[in-house]
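The tour goes stop by stop: select, look, move on.

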Amino acid sequence: MSGGGKPRVIALAGNPNVGKSTLFNALTGLHQHTGNWPGKTVSLAEGMFSCQGQSVRIVDLPGTYSLEGKSEDEKIAAAYIGSGSADAIVAVCDGSCLERTLILALQILQRTGRVIVCVNLMDEAESRGIRVDGKRLSHLLGVPVVLVSAARKRGLDTLRKLLANPPEPGTPAFFYEDPLKAAEELAKQCVSSVRVNENWRRVLDRVLVSRRYGIPILLALLLFIVWLTVWGANYPSQLLETLFSRGYVRLKRWSAAWPDWLSGALVEGMYATSARVIAVMLPPMAIFFPLFTILEDVGYLPRMAFLLDRPMCCCGGCGKQALTLCMGLGCNAVGVTGCRIIDSPRERLLAILTNAMVPCNGRFPTLILLGSLFFPRAGAALIVAGSVALGVLGVMATSGILSRTVLRHETSAFFMEMPPFRRPRIGQILARSLLDRTMFIAGRALTVAAPAGVALWILANTRLAQKLAALLDPVGLSLGMNGVILFAFLCSLPANELLIPVILMTISGGGSLAGTAGLSGKALLDAGWTQQMAICTMVFTLFHWPCTTTLMTIYRETGSAKKTAAAFFLPTAVGFGLCGLLHLIFREFGG
């Protein structure tokens, strides 16, 4: 990248849903990376571009509604702006609702004069008959104002030139003390509108957040996403398994001259286990996350949070927790990371501790196989949907108990913006969902699955697997399962996708997961599985310890070994209690 001298440092600040991420991507292209703020859990995105021979480094601050709040995002944004680390702050506003988004810009101006106001989403504003007088707004504030449509690449050249050589602040013609009143007055002077028929927006909003229609629409939508994820993942999963099987055969031939222990550990252990995890994990995530991101992009998720706020509040949580539970359907680690959007530390911890009770896509294969095998009349999507519903009930019940005992506290007020409905930006959706979520989580899972494969191979080939399963048999039987199943749950700690393959490997006496590819549900029936055993296994699939990837994420988010341990033992205790109760009921009533 060209550019002379020391790079300019520019920070982007703005409310959520003002198109700040779109603007950041439009300015920096592929010259960006994401990490964490030093000592913090909030994401830090940085990017570079060059204009007129000057390099510019863009720092994307966390989206925030205020610089005076108590959330981690607000504290970091306020501290960075006040530190003077940036040559200029770009206050990103929404042209379709300038008054509300100007409040943050005015708070920034109270802290520094090195500000450029970027009024984004002008295409949406114009489609709604809204006009913004940028020149007058610049005159009143005494700082440059640029009207931009980042999604359509309008106004970006002007903005880049300003960022490369930020001008000194001028003398404002407008003075104020209260940002709220000032924003209202500025909007009156600088914004005009032409009446545009938007009845469809109001009608759609009333329907989506109504008690009568909102919940059925939400349930139907989630059922459709689950069905499409389950149905759509079948073929690519089979294709990946076929490709990985061919790779396994070639690796076995290539490593024929190696010592048996080395070939076994690397090919039958590390490769076979990693291949199984990727083949099962990748396709559902590659389907679920784009679908979920579409809902996020069009503006439905805040409405869903509003709709579910009341039932979640009854359990001591908030509507935002419902969003994190939906994220957990794709991957519990993503759901835990999503808990950052919850302002209250108590409610955030509550959401983190219970997120793993919602089945991620890694648990879908187990639920589908057992459900289809022992309840053939129910469809796979219905089985998964019912499991999700049971998981959500478990979350709500556990949250209610925790919020009335160890996490007792007054419930915080719910505040979330209702953004306007927007067209989904397919390119950004694919990039964000496939690269930032799917591939990132898959890569993190691989770092755990690879060494776990070696350990599994050692256990299987030293006959320790069968010995440990026999040792765990009394505990497993008391839970309505057996020692093999409990052993498999322990071995699937690195990745939930390993559960059924480990069970098949153990009951068949095989020495590698590669040998389970030709086995099916019939092997479970031949091993003496009953419907009661399947029910207890499905319940324990919902309620047991999170996978290693999720536990690592919980520790990174909380910075506490005690809270991570609590997240491990809490769902496990629920699973032990429910399965033990089910076993007693089955034994008492005989079926």
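Select Asn15 and show its surroundings. Beyond residues up to four places away in sequence, Asn15 touches Thr64, Tyr65, Val92, Arg100, Thr101 and Leu104. This is a predicted model. Asn15 sits in the loop between strand S1 (4–14) and helix H1 (20–28). Is Asn15 buried or exposed? Asn15 is buried, with a relative accessible area of 3%. Now turn to Thr64. Its backbone oxygen lies 2.8 Å from a polar atom of the Asn15 side chain.

Next, select Gln52. You will find Gln52 in the loop between strand S3 (43–51) and strand S4 (54–60). Check its backbone: phi is positive, about 55°, although Gln52 is not a glycine. Gln52 counts as exposed, at 55% relative accessibility.

Go on to Leu121. This residue is in the loop between strand S6 (115–120) and helix H4 (122–127). Here too phi is positive in a residue other than glycine, with a value near 60° for Leu121. Which side of the burial cut-off does Leu121 fall on, buried or exposed? Leu121 is buried because its relative accessible area is 8%, and buried means under 20%.

Now display helix H10 (residues 260–298) and pick Thr293 within it. Thr293 is buried, with a relative accessible area of 0%. What lies 2.6 Å from a polar atom of its side chain? It is the backbone oxygen of Phe289. Look at the spacing along the helix, too. An α-helix has 3.6 residues a turn, so residues three or four places apart point the same way. Then hide the sequence neighbours of Thr293 within four places. What remains in contact with Thr293 is Ile429, Arg432, Ser433 and Arg437.

Jump to Gly362. It belongs to the loop between helix H14 (345–354) and helix H15 (364–374). Gly362 counts as buried, at 2% relative accessibility. Leaving out residues up to four places away in sequence, Gly362 touches Asn496 and Glu497. The C-alpha atoms of Gly362 and Ser210 are 33 Å apart, and 152 residues separate the two along the chain.

The last stop is a helix pair. Select H18 (residues 464–478) and H19 (residues 483–491). The two pack at an angle of about 110°, with axes 6 Å apart. H18 is therefore roughly perpendicular to H19, as angles from 65 to 115 degrees count as such. The crossing of H18 and H19 is right-handed.

Which residues meet across this pair? Show side chains on both helices. From H18 come Ala465, Leu468, Ala469, Leu472, Asp473, Val475 and Gly476. From H19 come Gly483, Val484, Leu486, Phe487 and Leu490. By class, the contact has nine nonpolar, two polar and one charged residues.

Stay on H19 and color by accessibility. H19 is mostly covered, with eight of its nine residues buried. These are Gly483, Val484, Ile485, Leu486, Phe487, Ala488, Phe489 and Cys491.

Finish at the N-terminal end of H19. Which residue caps it? Select Asn482: a side-chain oxygen of Asn482 lies 3.1 Å from the backbone nitrogen of Val484.

Key: Residues are numbered from 1 along each chain as its sequence is written. This is a predicted model: local features need pLDDT of at least 70, side-chain atom pairs count only at pLDDT 80 or more; totals for chains, interfaces and linings use all residues. Side-chain values use heavy atoms; hydrogens and water are left out. Axes are lines fitted to C-alpha atoms, for helices over the stretch in contact, and angles run from 0 to 180 degrees between N-to-C directions. Helices (H or I, at least four residues) and strands (E, at least two) are DSSP runs, numbered from the N terminus. Angles under 35 degrees count as roughly parallel, over 145 as roughly antiparallel, 65 to 115 as roughly perpendicular and the rest as oblique. A crossing is left-handed if the near helix is turned anticlockwise from the far one by less than a right angle, and right-handed if clockwise. Contact means heavy atoms within 4.5 Å. Ala, Val, Leu, Ile, Met, Phe, Trp, Tyr, Cys and Pro count as nonpolar, Asp, Glu, Lys and Arg as charged, and the others, Gly among them, as polar. Buried means under 20% relative accessible area, exposed over 50%, partly exposed in between (1.4 Å probe, protein chains only). A polar contact is a pair of N or O atoms within 3.5 Å; within protein, one must be able to donate a hydrogen and the other to accept it, and residues adjacent in sequence count only if both atoms are side-chain atoms.
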